[in-house]
Amino acid sequence: MTAASRLAIHGGPKAKTTPYGTGNRFAGNELKYLTDALEQNTLFYGTGKWVKRACEMMQEYLGLPYVVACTSGTAAVHLGVVAAGIGPGDEVIVTPNTDSGSAIGIIEEGAVPVFCDCEWSLQPSARTVAEKITDRTRAVVVVHLAGHPAPVDEILELCRPRGIAVIEDCAQSWGTRLHDKRVGTFSAAGCFSINDFKHISTGDGGFVALSDGDLYRRVHNYADKHYDRFFKTELLQAHHGMCYRMSELLGAVACAQLERVEQITSRQHDIGESLRQQLSGLGGARVLQPIAGGYATYWWTALFVEPEALTAGRDEIVKALQAEGLPLGSYGKYDLIEKPLFQKRHVRSWLSGPRAAYPFDQPDGRSYHYCVDQTPIHKKALETGMMVGMTTFWTDQDIAETAAGIRKVFQAYAR
Ligand SMILES: *Cc1c(COP(=O)(O)O)cnc(C)c1O
């Protein structure tokens with residue numbers, strides 16, 4: 001063993017020799033547009049121009065005729081569920097390796113999330129969705145995870161003839177494409193987040209993209225207390241709705257961020273691809289691969305350890321990688337099923353009786369229980385996965401040192 005190959009966790013030199021690149025995410029036109037928004041003397045989207053402009057930029061970005069701005073990605077998925085016509089008692093299929101925002105809107109509408117497995121791409125597939133279809137299935141929320149596309153085209157082919165709606169959760173997948181088409185444009189509704197942990201940020205916020213004019217009115221009204229504001233107001237409070245309106249301050253920042261979204265996501269693609277190539281042939285672990293025809297924008301990436309090839313377990317290896325100064329963590333928490341909401345089924349624990357577990361307990365006697373054994377690849381991924389977090393500001397040296405550090409650690413633990 002040479003001095004350089006001695007693991008940092010055992011007192012050797014760290015693989016990462018310099019701090020990772022950083023930068024200002026809001027160094028474009030953010031301040032200028034914010035100032036303009038304040039000078040409008042209104043921060044209300046109905047009278048100001050910035051939220052409208054952000055929606056127009058989204059329409060152009062996606063090539064779709066309608067976009068509704070909202071307060072979060074969770075709100076966006078909820079609105080997508082509303083667009084899909086989901087109601088009480090319906091089953092909606094979704095992968096469990098996602099943010100709770102993918103499921104909250106389903107529950108809010110009184111529908112039941114049914115978890116399907118992911119493939120080793122971490123995405124759902126027509127196969128894993130088909131396994132969970134019943135005569136109650138009304139929709140699928142396809143989560144494009146980690147900037148990778150899910151095979152939403154295959155899932156649509158499966159669902160269309162069965163009258164099952166598809167919506168896309170693109171919160172982590174800005175700029176992601178499948179067969180050269182942007183995700184979010186395949187299905188009834190493309191749902192995006194601009195919270196602070198996504199490719200572009202306004203702190204919080206979201207968008208829903210639609211191609212159908214009637215659904216646009218439904219979603220727009222649901223997001224604005226059913227004011228029917230951009231229409232003829234003949235449907236004023238004609239139906240239920242939420243207040244998911246985006247303020248002009250967020251709209252202004254969103255415009256400045258959207259000006260740079262392509263630059264940010266293409267850099268993220270390059271970083272992820274470069275890291276993936278530099279890790280090719282790595283012994284002891286498999287690197288997450290995009291599906292065929294996929295263009296990934298790598299919000300993060302993942303490695304899956306092969307326990308039989310290693311002398312230590314995943315958690316010990318994660319510690320060794322972190323000691324090298326690398327931004328790796330366990331993937332073991334990337335799961336909804338094991339969370340108390342789904343295990344204890346206390347949806348509204350302050351209520352009593354069957355109302356507390358609604359919609360997991362349905363008035364017709366159906367009762368839904370959740371267990372990771374029902375999603376075997378997901379379960380295995382939780383046991384063996386590790387996540388690599390990267391940012392747009394990584395330099396080529398950062399990529400090279402990260403790959404070298406990962407190789408160093410896996411070599412040290414090779415059986
Ligand atoms: C972040 C995220 C959401 C929710 O977005 P918020 O803006 O935090 O509400 C939904 N789905 C996925 C896959 C996410 O990563």
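Visitor: Which side chain does the side chain of Gln172 join in a polar contact of 3.1 Å?
Guide: This is a predicted model, so the distances are those of the prediction. Gln172 sits in the loop between β5 (165–169) and β6 (177–178). Among the residues Gln172 touches are Trp299, Trp300 and Tyr334. The side-chain partner in the 3.1 Å polar contact is Trp300.

Visitor: Is Gln172 buried or exposed?
Guide: The side chain of Gln172 also reaches the backbone nitrogen of Ala146, at 2.8 Å. Buried means under 20% relative accessible area. Gln172 has a relative accessibility of 5%, so this residue counts as buried.

Visitor: How far is an N or O atom in the side chain of Gln172 from an oxygen atom of the ligand?
Guide: The ligand has 13 residues around it, and the closest are Gly73, Thr74, Asp169, Ser193 and Lys198. Gly73 places a backbone N or O atom 2.7 Å from a ligand oxygen, and the side chain of Thr74 has an N or O atom at 2.5 Å from a ligand oxygen. For the side chain of Gln172, the distance is 2.8 Å.

Visitor: How many of the eight residues of helix α4 are buried?
Guide: Helix α4 spans residues 101–108 and is mostly covered. What covers its buried residues includes α3 (73–83), β2 (91–94), β3 (112–115), β4 (137–143), β5 and α11 (340–343). The buried residues are Gly101, Ser102, Ala103, Gly105, Ile106 and Ile107, and the count is six.

Visitor: Which residue just after α4 takes a positive phi?
Guide: Helix α4 ends at residue 108. Just after this helix, a phi of about 80 degrees is found at Gly110.

Visitor: Which parts does the salt bridge between Asp228 and Arg217 tie together?
Guide: The closest N and O atoms of Asp228 and Arg217 are 2.6 Å apart. Arg217 is in helix α7 (213–222) and Asp228 is in the loop between α7 and α8, so the pair ties together parts eleven residues apart in sequence. Asp228 is buried, at 0% relative accessible area. The parts tied together are helix α7 and the loop between α7 and α8.

Visitor: Where do Arg276 and Glu273 both lie?
Guide: These two residues form a salt bridge, with 2.9 Å between the closest N and O atoms of Arg276 and Glu273. An α-helix has 3.6 residues a turn, so residues three or four places apart point the same way. Glu273 is buried, with 14% relative accessible area. Arg276 and Glu273 are three residues apart, about one turn, in helix α9 (residues 261–278).

Visitor: Is Lys379 buried or partly exposed?
Guide: The side chain of Lys379 meets that of Asp373 in a salt bridge of 2.8 Å, N to O. Buried would mean under 20% relative accessible area. Lys379 has 29%, so this lysine is partly exposed.

Visitor: Which residues make a nonpolar surface patch of about 240 Å²?
Guide: One of them, Leu249, is in helix α8 (residues 248–259). Leu249 is partly exposed, at 30% relative accessible area. The patch is made by Leu38, Leu43 and Leu249.

Key: Residues numbered from 1 in each chain as written. Predicted model: local features only at pLDDT ≥ 70, side-chain atom pairs only at ≥ 80, totals over all residues. Heavy atoms only, no water. Patch = residues over 30% accessible without salt bridge, like charges linked within 9 Å, V, L, I, M, F, W, Y side chains within 5 Å. Areas by Shrake-Rupley, 256 points an atom, 1.4 Å probe, with all protein chains shown as cover. Salt bridge = Lys/Arg side-chain N within 4 Å of Asp/Glu carboxyl O. Helix = DSSP H or I, 4+ residues; strand = E, 2+ residues; numbered from the N terminus. Buried < 20%, exposed > 50% of the residue type's maximum accessible area, 1.4 Å probe, protein only. Polar contact = N/O pair within 3.5 Å; in protein donor to acceptor, adjacent residues only side chain to side chain. Contact = heavy atoms within 4.5 Å. Near = heavy atom within 4 Å.
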